[in-house]
Amino acid sequence: METFYIEYTIENNYEKPVKKANFGLLILPAKNPFQTIKEQSMCCSDGKESFISPNIFGFDLITHYIDKPFTRFLFKLFATVEVKKLNPFQITTLSPLEEFAIITSVDYQIDNHLFLTSTSLTKMPWNHGIWFPVYRSEQSLFDYLLELNNFIYKLLSYSPQSTNVDTPIEEVLKIKKGVCQDFAHVFISVCRENKIPARYVSGYLIQGDAYIGASQLHAWVEVLIPELGWVGFDATNNLLVDNNYIKIAHGTDYRDCSPIVGVLETAGQQNSKHLVIVKNQQQQ
Amino acid sequence: MESNGYRILDSYKPGNAHFDEVFIDSGKPKEHYQNTVDHFNKLTLSDYERINNEVKSSFFNQGITFAVYAEDKKPDERIFPFDLFPRIIPKDEWQELENGVLQRNRAINLFLNDIYHKKLILKDKVVPADLIFSSKNYLKEMVDFTPPGGIYTHVSGTDLIKHTDGKYYILEDNLRCPSGVSYVLSNRLALKKSLFDLFNKLKAKAVYQYPEQLLEILKTVKPKNVDVPTVVVVTPGMYNSAYFEHSFLAQKMGVPLVEGRDLFVEKNFVYMKTIYGPQKVDVIYRRVDDEFLDPMHFRKDSMLGVPGLMNAYRAGNVTLANAPGTGVADDKAVYNYVPDIIKYYLNEEPILNNVKTYHCDREDDLKYVLENIDKLVVKPVDESGGYGITIGSTLTSEEIDAVKVKIKADTRKYIAQPIMSLSVHATYIEDNKEFEPRHIDLRTFSLLGKNSEYVLKGGLTRVALKRGNLIVNSSQGGGSKDTWVLD
């Protein structure tokens with residue numbers, strides 16, 4: 001068991017007053033068998049208490065409706081989370097052939113369709129010219145995914161500001177650069193092309209341990225492996241997800257997991273600052 | 001009223017190549033039209049024209065207009081063209097039609113519930129799973145969510161035609177808040193005044209109850225823990241082509257007509273801004289398309305929606321009618337499977353026929369379509385209002401080649417059907433000062449609520465005013481007739 005301290009701050013400043021706004025924040029650590037929230041508190045510049053309700057995948061979404069003019073939106077979250085130690089190398093009793101048969105069965109494909117259907121952000125271009133590993137019945141799915149994780153890690157170089165949240169895979173594969181969500185989208189896309197259900201995950205990553213992408217919210221992928229369930233892969237770091245990762249939410253792609261969505265009535269520009277702190281309790 | 005022995009309908013030549021609704025032969029009407037033909041035959045042409053014009057000016061005075069959109073042009077505001085000669089449907093014929101429409105609605109509603117939950121029809125391979133999941137109208141926001149009462153399609157518009165064989169065929173289902181019912185009600189109002197004697201003699205079934213029935217249906221699907229629900233109609237605004245209808249229905253139901261900007265969501269409840277402060281809204285008859293409903297979920301640039309509406313809906317605090325995501329079932333590629341859908345869920349034979357449909361996504365069908373394009377109507381699967389339709393028999397060989405290229409570029413997007421012969425109805429043509437056969441179809445309006453259903457007795461008979469034209473949509477220059485269902 002490890003305990004993490006998380007601090008998340010977002011500050012938006014607006015050139016012209018915002019008359020009305022709806023904000024949705026998807027930043028709370030998820031509640032699941034691996035992670036328990038010990039403490040949690042938040043505050044918002046509108047002075048109102050946050051309203052929390054499930055989003056479409058059942059994750060806690062914070063919403064704020066503001067109907068008084070403002071030029072600054074500030075939101076802070078403090079949380080302490082306990083994460084269970086888990087061995088990411090789990091072993092299935094199924095043979096590769098049995099696994100393959102389950103994955104390619106009609107019912108399995110239908111039950112997991114949401115994570116098999118390509119979206120605009122995970123659509124694989126047809127002429128990318130890259131020989132991604134292909135999933136075959138001779139190889140266990142887990143081994144295949146390790147290979148794919150390594151392949152994408154080597155294919156793309158991590159480069160902040162090289163892409164934005166709307167960059168399609170086509171562009172990422174052309175420049176062979178990206179940030180964590182691009183690594184995740186490419187991973188998801190290759191899985192879906194191979195009929196393997198894969199979902200996008202957003203979360204926090206322990207800082208100070210030389211992980212790539214820990215200074216902001218991180219993104220990785222969960223893949224459904226028969227018998228084992230959803231297993232996390234982080235192609236940005238070529239690692240398996242372990243107890244240094246704190247999950248916020250999952251969805252079909254980045255758009256289901258954006259940390260902040262705002263619909264505003266304003267004419268001017270805005271600038272946005274995010275600050276993420278994730279510490280092991282002992283480090284404090 | 002001087003007739004001099006000349007009877008205005010005597011010179012009418014029935015459309016021999018097509019099913020003529022009114023006449024068996026020149027001067028010899030069908031039994032259920034006898035009274036009507038006799039009535040008109042007592043008038044002179046100028047009488048007829050005068051009454052027809054009276055009706056039209058009453059539409060103009062009521063502001064019953066619609067807008068036609070064309071690329072690079074301002075919308076053109078028009079009066080809905082109208083013909084005084086009513087379409088008459090005998091009692092038994094109507095009953096079968098009504099049964100068929102209700103059967104279809106029940107099955108489609110069960111289908112929607114299934115594809116958003118257990119997906120049994122897909123696992124049983126009755127409907128191909130890819131067809132559903134690849135549809136842009138299949139919404140993940142609706143997966144594993146059950147709308148109040150399990151009702152998805154509160155309002156359906158079913159388009160039917162009568163073919164040369166005298167049988168009704170379903171042309172398409174409209175499950176995304178179909179328009180047209182306000183014309184039915186205003187047509188009737190105008191016609192009842194102008195043809196009072198005839199109307200009384202025939203005792204056609206009334207249609208005025210529709211708004212009342214719609215309100216009742218909407219109340220049956222109110223959210224839990226709400227006693228007397230507040231119902232509103234949400235319109236995209238006065239520039240929408242169906243704005244007249246939105247305001248008409250709101251007024252007749254006695255409920256507020258609002259735009260997205262008049263509503264807001266706080267803590268998953270929807271409120272309407274009023275001069276007395278915010279008022280909670282429980283049921284929304286929304287005439288805004290799915291993708292514009294909530295900029296937090298769908299199109300971010302939508303100014304027509306309400307931010308946070310989908311979360312309020314999923315929390316069960318407000319009901320949307322129709323439910324989002326129903327468009328996956330009126331996709332023209334799914335249309336082909338509706339007879340199988342009826343058999344699957346209801347274990348009944350379909351009462352109404354489907355038109356044979358070729359889906360260009362299937363290899364064999366595509367081959368047939370490309371080879372026989374001159375005999376087929378090609379339609380995009382996800383457009384409405386008659387846009388994007390090409391009729392093979394009217395195309396030049398260059399145009400045929402262009403259609404082929406279009407189909408091959410996006411096979412999922414197109415279906416093709418044999419060119420159906422729509423029945424014809426005697427219609428007064430002002431330019432020629434005589435009655436001529438013109439193609440007609442019928443849109444029925446039906447409602448589905450929790451343990452209740454209703455079909456408007458009659459519907460909108462649309463008439464293609466251009467000779468030989470098969471597209472009856474108002475946006476393509478069609479007109480309408482009142483539809484009388486006999487008692």
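Reply: A sheet in chain A

Strand β10 (residues 218–225) of chain A runs antiparallel to β11(A), and 5 bridges join the two. Strands here are DSSP runs of E of at least two residues, helices are runs of H or I of at least four residues, and both are numbered from the N terminus. Two strands pair if DSSP finds at least two bridges between them. The model is a predicted one, in which local features need pLDDT of at least 70 and side-chain atom pairs count only at pLDDT 80 or more, while totals for chains, interfaces and linings use all residues. Residues are numbered from 1 along each chain as its sequence is written, and chains are lettered from A and ligands numbered from 1 in the order in which they are written.

Most residues other than glycine have a negative phi, and most peptide bonds are trans. Asn238(A), in the loop between β11 (229–234) and β12 (239–240) of chain A, is not a glycine but has a positive phi of about 55°. Asn238(A) has 16 other C-beta atoms within 10 Å and is therefore partly exposed. The scale calls a residue buried if 20 or more other C-beta atoms lie within 10 Å of its own, exposed if 12 or fewer do, and partly exposed in between, with C-beta atoms placed from the backbone. Lys195(A) sits in the loop that leads from α5 (180–193) to β9 (198–205) of chain A. Lys195(A) is not a glycine either, and its phi is positive, at about 65°. With 14 C-beta neighbours inside 10 Å, Lys195(A) counts as partly exposed.

Next, the domains of the chain. Chain A is divided into domain 1 (2–84 + 258–283) and domain 2 (96–256), with bounds that come from an automatic or database domain assignment. Taken over C-alpha atoms, the centres of the two domains of chain A are 25 Å apart. Across the boundary, 23 residues of domain 1 of chain A are in contact with 20 residues of domain 2 of chain A, contact being C-beta atoms, placed from the backbone, that lie within 7 Å. On the domain 1 side, β1 (2–18), β6 (70–83) and β15 (270–280) of chain A each give two or more residues. The largest share of that side, 5 residues, comes from β15(A). By class, the domain 1 side has 14 nonpolar, 6 polar and 3 charged residues. Ala, Val, Leu, Ile, Met, Phe, Trp, Tyr, Cys and Pro count as nonpolar, Asp, Glu, Lys and Arg as charged, and the others, Gly among them, as polar.

Chain A puts 16 residues into it and chain B 20 residues. The elements of chain A that give two or more residues are β2 (20–25), β4 (51–54), β5 (60–66), α2 (106–111) and β14 (260–265). The largest share on the chain A side, 3 residues, comes from α2(A). That side divides into 8 nonpolar, 7 polar and 1 charged residues.

The interior comes last. A nonpolar core is a set of buried Ala, Val, Leu, Ile, Met, Phe, Trp, Tyr and Cys residues joined through C-beta atoms within 7 Å. The largest such core has 127 residues, of which Val270(B), Ile284(B), Ile341(B) and Ala416(B) touch the most other members. Helix α3 (residues 91–115) of chain B gives the most to this core, 8 residues. Apart from it lies another core, of 77 residues, and Ala30(A), Phe59(A), Tyr200(A) and Ala219(A) are among them.

Neighbours within four places in sequence aside, Ile284(B) is in contact with Val232(B), Val234(B), Val318(B), Thr319(B), Leu320(B) and Ala321(B). Ala321(B) is joined to Asn322(B) by a cis peptide bond, with omega about -5°. Asn322(B) belongs to the loop between β14 (319–321) and α11 (327–330) of chain B.

Note on methods: Two residues are in contact if their C-beta atoms, placed from the backbone, lie within 7 Å.
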